[in-house]
Amino acid sequence: MTTWRADVLGDYYQQHTIELGSDPDGEGEIVATLVRYVPPENAVPAPHSTVLYVHGYSDYFFQRHLADRFAAQGYRFYALDLRKCGRSQRPGLTPHFVTDLALYDEELNEALRLIRIDAQGDNAGKGDAGTRVIVAAHSTGGLIAPLWVDRLNREPGGAKGAGIRGLVLNSPWLDMQGSWWLRSIGTAAIEAVGRVQPMRIAQDAKFDGYGTSLHTDRKGEWEYNLDWKPHGGYPARFGWLRAIRRGHFSLQRGLDVGVPALILRSSKTWFSPHYVAEIDSVDCVLDVRQIARWAGCMGNRTVIVPVPGARHDVFLSQKGARETAFRELDEFLSWISATDGLASTDSAAIPTSTAVVS
């Protein structure tokens, strides 16, 4: 029996701890945390499908407005705080540290299993909502998620047999940003140092521009736990960067996720380590040209939408860009529902205003 208890987000949010046992990276006992949104009865349509949200680096799930939007479209909403992240941090563990992105499969697979069980006991919606899952993910999560779904798609029945119906990737991290040498000579150094000194810090947490643009205590409109999402992020360690670069190379060789994907990104990058007003309307974390370049490596049908004025997390953008991103999300979800025979839409075709990569 799954035990749910009150979550830090307050009313209508509950969490379940997923025990993962001993850390393969040698830091002790680890857990992941599955969060669910249970809106008031009759406040949203009866759910017909489910979304599983995966956060990025120096991040965790706190975006209530995102859960509300999915729920309004008939989706049960779950979010997973991965091992050593957010709600899953524990004393003695290095936040977000992992040496192989495939290790996350354990909690992702367990979250998928728990979602199916939970949907079967849902009296408000369709009991099979847990067999129709959209995986939504941001930034580093947007790298972790397609790699996981690609592995699921190699299993008997494929990704759809596992219940996955689509991907929504919000500024996925598909390549190393910065100068060319970071992607060549720098990557060779990351591989060498990461193998023998995985805990060595490659970059300190000193760039606070993005966090300053977001949080209410500085220039932003969002409130969240700064212990779990510090303004400057967490230090990046060589062992973790080695895992990231290996994930990049796997994706760039071409995946086959087996399901359609929506990729949302800003239309512009502007790197700044500290706050300037310009970063309120650009991606100041990733190079959006790299997202555009590698987005077609997912396999299956991919819709790539640049959102003018969007931040790195497009759903934390200022109101105009945020609403544009939500309209694109709504349209994609309506199309998925129509192709699954769950709902009608004015057009079952993906909008021609977006770029489609087959």
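Which residue forms a salt bridge with Asp-59, and how far apart are the closest N and O atoms? Hold that for a moment. First, the ground rules.

This is a predicted model, so local features need pLDDT of at least 70, side-chain atom pairs count only at pLDDT 80 or more, and totals for chains, interfaces and linings use all residues. Residues are numbered from 1 along each chain as its sequence is written, and side-chain values use heavy atoms, with hydrogens and water left out.

Back to the opening pair. Asp-59 forms a salt bridge with Lys-229, with the closest N and O atoms 3.4 Å apart. Asp-59 sits in the loop between β4 (49-54) and α1 (64-72), and Lys-229 in the loop between α7 and β9 (236-237), so the pair ties together parts that are 170 residues apart in sequence. Both Asp-59 and Lys-229 are buried. The terms, briefly. A salt bridge here is a side-chain nitrogen of Lys or Arg within 4 Å of a carboxyl oxygen of Asp or Glu. Buried means under 20% relative accessible area, exposed over 50%, and partly exposed in between, with a 1.4 Å probe and protein chains only. Helices (H or I, at least four residues) and strands (E, at least two) are DSSP runs, numbered from the N terminus.

How many salt bridges does this rule give? The count is 23. Two further pairs are on my list.

Take Glu-106 and Arg-83. Their closest N and O atoms are 3.6 Å apart. This pair links distant parts of the chain: Glu-106 is in helix α2 (residues 105-120), Arg-83 is in the loop between β5 (75-81) and α2, and they are 23 residues apart. Glu-106 is at 41% relative accessibility, so it counts as partly exposed. Arg-83 is buried, at 1%.

Next, Arg-322 with Glu-221. Here the closest N and O atoms are 3.5 Å apart. Arg-322 has a relative accessible area of 11%, so it is buried. Glu-221, at 43%, counts as partly exposed.

There is also a network. Glu-191, Arg-195, Arg-242 and Arg-246 are linked in it by salt bridges.

Now the pocket. The largest pocket has a volume of about 1100 Å³. For the method: on a 1 Å grid over the protein atoms alone, a pocket is an open set of points with protein on both sides within 12 Å along at least five of seven lines, and lining residues have an atom within 4 Å of a point. Grid points are joined across faces, edges and corners, and the volume is the space filled by probe spheres set on the points.

Which residues lie nearest the centre of the largest pocket? They are Gln-177, Gln-203, Phe-207, Ala-236 and Val-285, out of 43 lining residues. α5 (180-183), α6 (185-196), β8 (201-203), α7 (209-214) and α8 (238-252) each supply at least two residues of that lining. By class, the lining has 23 nonpolar, 16 polar and four charged residues. Ala, Val, Leu, Ile, Met, Phe, Trp, Tyr, Cys and Pro count as nonpolar, Asp, Glu, Lys and Arg as charged, and the others, Gly among them, as polar.

On to cysteines. A search of the whole structure finds zero disulfides, a disulfide being a pair of cysteine sulfur atoms within 2.5 Å. Cys-85 is buried at 1% relative accessibility. Cys-284 is buried too, at 8%.

Last, some loop residues. Lys-84 lies in the loop between β5 and α2. Its phi is near 65°, a positive value in a residue other than glycine. At 1% relative accessibility, Lys-84 is buried. Gly-92 is also in the loop between β5 and α2. Gly-92 is exposed, with a relative accessible area of 66%.

Asn-42 is in the loop between β3 (29-37) and β4. Asn-42 is not a glycine, yet it has a positive phi of about 70°. Buried or exposed, at 72% relative accessibility? Asn-42 counts as exposed.

Arg-132 is in the loop between α2 and β6 (133-138). Arg-132 is buried, at 9%. Its side chain reaches the backbone oxygen of His-48 at 2.5 Å.

How values were computed
1 Å grid on protein atoms, 1.4 Å probe; cavity = no way out; pocket = protein on both sides within 12 Å on 5 of 7 lines; lining within 4 Å. Polar contact = N/O pair within 3.5 Å; in protein donor to acceptor, adjacent residues only side chain to side chain.
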